[in-house]
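I shall go through one protein chain, from its overall form to individual side chains.

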Amino acid sequence: MTDQEDRVAREREEIVARIASFRATQQKFERDRQEYYDNTLGNAWSGFQPKTA
């Protein structure tokens, strides 16, 4: 490989690593949001007492 090909290959590897890191971070945020939503909604529903006629 030439120096330019090596440089391009390293840059592509760096881009792939950055994208993987970004996706992992986004998935963590999604899990955190879902957990927060589940806990908040769970607390709201547990305090809800439907009126019986």
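This is a predicted model: local features need pLDDT of at least 70, side-chain atom pairs count only at pLDDT 80 or more; totals for chains, interfaces and linings use all residues.

Let me begin with a convention for charge: Lys and Arg count as positive and Asp and Glu as negative, while His and the chain ends are not counted. The place of a charge is taken as NZ of Lys, CZ of Arg, CG of Asp or CD of Glu. By that convention, the protein chain has 9 positive and 10 negative charges, and their mean positions are 8 Å apart.

Residues are numbered from 1 along each chain as its sequence is written, and side-chain values use heavy atoms, with hydrogens and water left out.

I turn to the overall form. How many helices and strands does the protein chain have? There is one helix and there are zero strands; here helices (H or I, at least four residues) and strands (E, at least two) are DSSP runs, numbered from the N terminus. The helix, H1, covers residues 3–46, and threonine 2 is found in the segment before H1.

The C-alpha atoms fill a box of roughly 80 × 15 × 10 Å along the principal axes. The radius of gyration of the protein chain is 23 Å, whereas a compact globule of 53 residues would have a value near 10 Å. That radius is taken over C-alpha atoms, and the globule rule is 2.2 Å times the number of residues to the power 0.38.

Some pairs of C-alpha atoms illustrate these dimensions. Threonine 2 and arginine 23 are 21 residues apart in sequence and 32 Å apart in space. From arginine 23 to aspartate 38, 15 residues along the chain, the separation is 22 Å. Glutamine 34 and glutamate 14 are 20 residues apart along the chain, with 30 Å between their C-alpha atoms. For tyrosine 37 and arginine 7, 30 residues apart in sequence, the figure is 45 Å.

Next, the surface. What percentage of the 53 residues is buried? The value is 0%, where buried means under 20% relative accessible area, exposed over 50%, and partly exposed in between (1.4 Å probe, protein chains only). The protein chain exposes about 5,400 Å², of which carbon and sulfur atoms supply 55%. Accessible areas come from the Shrake-Rupley method with a 1.4 Å probe, and for residues only the protein chains shown count as cover.

Arginine 23, which lies in helix H1, is exposed, with a relative accessible area of 55%. Glutamine 34 also lies in helix H1 and is partly exposed at 40%. Threonine 2 counts as partly exposed at 44% relative accessibility.

Which residues form a nonpolar patch on the surface? They are Tyr37, Leu41, Trp45 and Phe48, with about 460 Å² of accessible area together. Patches are made of residues with over 30% relative accessible area and no salt bridge; like charges are joined within 9 Å, and nonpolar side chains (Val, Leu, Ile, Met, Phe, Trp, Tyr) within 5 Å. Two members of the patch can be described individually. Tyrosine 37 is placed in helix H1 and is partly exposed at 47%. Leucine 41, likewise found in helix H1, is partly exposed at 31%.

Finally, the salt bridges. A search of the whole structure finds four, a salt bridge being a side-chain nitrogen of Lys or Arg within 4 Å of a carboxyl oxygen of Asp or Glu. I shall describe some of them.

Glutamate 11 and arginine 7 meet in a salt bridge at 3.0 Å, N to O. Why can these side chains face each other along the helix? The two residues are four apart in helix H1, so about one helical turn separates them. Glutamate 11 is partly exposed at 38%, and arginine 7 also counts as partly exposed, at 38% relative accessibility.

Arginine 18 and glutamate 14 form another salt bridge, at 2.8 Å. Being four residues apart in helix H1, they too are separated by about one helical turn. Arginine 18 counts as exposed at 58%, whereas glutamate 14 is partly exposed at 40%.

Arginine 33 and glutamate 30 meet at 3.8 Å, N to O. These residues are three apart in helix H1, again about one helical turn.
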